[in-house]
Amino acid sequence: MQLPSTFEKLIEAANQSSLYKKLIQQLNKDFLLANIDLDFHEDILPTSLKLLLHEMIYKLIQEKFTEYLNLLYIIDVPEQQVKALSGDDVLKLSEEVSFLILKREWQKVWFRNNF
């Protein structure tokens with residue numbers, strides 16, 4: 001499986017496979033497991049999804065770092081990928097982590113659908 005390199009390519013792949021709603025459901029499931037109050041509507045536009053996820057990750061990094069780490073653990077974002085990011089700009093970091101989260105969730109949905 002070749003993972004998408006951008007948010008747009010990820011959404012395009014999800015839509016082509018008719019798995020966008022499953023991606024949203026997986027996100028909601030993992031956020032619920034992490035006790036984070038964020039529930040995406042299944043018909044959310046990709047741009048809104050990106051914005052809301054980015055906002056939530058930014059807020060978690062700034063205000064609830066333990067919950068942020070717990071979320072990364074539950075979603076199973078590879079630790080070395082997170083460590084490879086620059087922490088100088090929290091806004092940029094939260095955007096990059098949001099994409100890592102979406103990539104990992106896409107991986108789960110894709111594997112579940114294909115195997």
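Biologist: Which pattern does the protein chain follow when read along the sequence?

Modeller: Helices (H or I, at least four residues) and strands (E, at least two) are DSSP runs, numbered from the N terminus. Here the protein chain reads α-α-α-α-α-α, with 6 helices and 0 strands. The radius of gyration, taken over C-alpha atoms, is 13 Å, close to the 13 Å that the globule rule gives for 115 residues, so the chain is as compact as a globular protein of that length; that rule is 2.2 Å times the number of residues to the power 0.38. Please bear in mind that this is a predicted model, in which local features need pLDDT of at least 70 and side-chain atom pairs count only at pLDDT 80 or more, while totals for chains, interfaces and linings use all residues. Residues are numbered from 1 along each chain as its sequence is written, and side-chain values use heavy atoms, with hydrogens and water left out.

Biologist: Which residues of helix α1 are buried?

Modeller: Buried means under 20% relative accessible area, exposed over 50%, and partly exposed in between (1.4 Å probe, protein chains only). In α1, which spans residues 7–16, the buried residues are F7, L10, I11 and A14.

Biologist: Why do the buried residues of α1 line one face of the helix?

Modeller: An α-helix has 3.6 residues a turn, so residues three or four places apart point the same way. Seen down the axis of α1, the buried residues fall within an arc of 95 degrees, so they line one face, the arc being that of the directions from the helix axis to the C-beta atoms.

Biologist: What covers the buried residues of α1?

Modeller: Their cover, by contact (heavy atoms within 4.5 Å), includes α2 (20–33), α3 (46–63) and α6 (90–114).
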